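Dear colleague,

I am passing on the model we spoke about, and I would be grateful if you would look through it alongside the notes that follow.

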Amino acid sequence: MSAPDVAQAVLLWAGVLVLVVSAVGTSLAGTVFDRLHYMSLGAMAGLPLVLLSQVFATPDQAPKLVVIALLEMLGSPALTTATARALDRRRGRS
Amino acid sequence: MLAAAVLVLLLGGGGPCLVALCRGTPVSRLAALVTLSTVLAATTALLATFYGRTSYLDVTLLMVLLSFSGILVYARFFGKSL
């Protein structure tokens, strides 16, 4: 097993682990704010790790994979903020 | 290895998100939807490599873009209308 294969496997399974922890945490966390933390964990670390592992498998698609990872990493804070703001507004009305 | 990763993602990541989508408050369901879209984006990227059709990465790109705008609309809807 060559070094790129090892790197690909490590990155892939690390990303899968982070995404599973994120999904389980989003489902089971006590408060909605805790769920938001788990939600952004998957987008900021899980998906970029999985996509980075695929750079080793398909180097010619590296630009597209990097663009997808950047879009997710840049968009995730906006989604978290928008969701938290929606929760705040709903609480303000009740 | 890729097939096993896809299976773990769908069962370990998609399953809990689907359950969370069916219960809880609207905002917690929205959080589950965001996580589910991330899990599905990773799954489609892995499937593109698994089947050797890298042009399918466009599906992942579109999914990330459309889920971003869709979830922003949902968040605005939940924040103002309900």
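Which residues have the most contacts inside the largest nonpolar core, and how many residues does that core have? Please keep in mind while reading that this is a predicted model. The core in question has 24 residues, and those with the most contacts inside it are Leu12(A), Leu51(A), Leu9(B) and Leu46(B). At least two of its residues are supplied by each of the following: in chain A, helix H1 (3-28), helix H2 (32-57) and helix H3 (62-93), and in chain B, helix H1 (2-21), helix H2 (26-50) and helix H3 (57-80). H2(B) accounts for the largest share of this core, with 6 residues. Apart from it there is a second, separate core of 11 residues, which includes Leu36(A), Leu79(A), Leu30(B) and Ile71(B).

Leu9(B), for its part, lies in helix H1 of chain B, and it counts as buried because its relative accessibility is 0%, where the limit is under 20%. With its neighbours within four places in sequence left aside, Leu9(B) is in contact with Val16(A) and Leu19(A) from chain A, and with Gly14(B), Val39(B), Ala42(B), Thr43(B) and Leu46(B) from chain B.

The elements giving two or more residues to the patch are H3 of chain A and H3 of chain B, and H3(B) gives the most, with 3 residues. Val67(A) is found in helix H3 of chain A and counts as partly exposed, because its relative accessibility is 42%. Leu71(A) has its place in helix H3 of chain A, and at 31% relative accessibility Leu71(A) counts as partly exposed.

As for charged pairs, the count comes to 1 salt bridge over all chains. Lys64(A) forms this salt bridge with Asp58(B), and the closest N and O atoms are 2.8 Å apart. The pair crosses between chains, running from Lys64(A) in helix H3 of chain A to Asp58(B) in helix H3 of chain B. Lys64(A) counts as partly exposed at 24% relative accessibility, and Asp58(B) counts as partly exposed at 36%.

Finally, a word on confidence. The predictor gives the complex an ipTM of 0.90 and a pTM of 0.91. Chain B has a mean pLDDT of 89, and 98% of its residues reach 70 or more. Within chain B, confidence is lowest in H1(B), at a mean of 88, and highest in H2(B), at 92.

With best wishes

How values were computed
Residues numbered from 1 in each chain as written. Chains lettered and ligands numbered in written order. Predicted model: local features only at pLDDT ≥ 70, side-chain atom pairs only at ≥ 80, totals over all residues. Heavy atoms only, no water. Core = buried A, V, L, I, M, F, W, Y, C linked by side-chain atoms within 4.5 Å. Buried < 20%, exposed > 50% of the residue type's maximum accessible area, 1.4 Å probe, protein only. Helix = DSSP H or I, 4+ residues; strand = E, 2+ residues; numbered from the N terminus. Salt bridge = Lys/Arg side-chain N within 4 Å of Asp/Glu carboxyl O. pLDDT = per-residue confidence, 0-100. Contact = heavy atoms within 4.5 Å.
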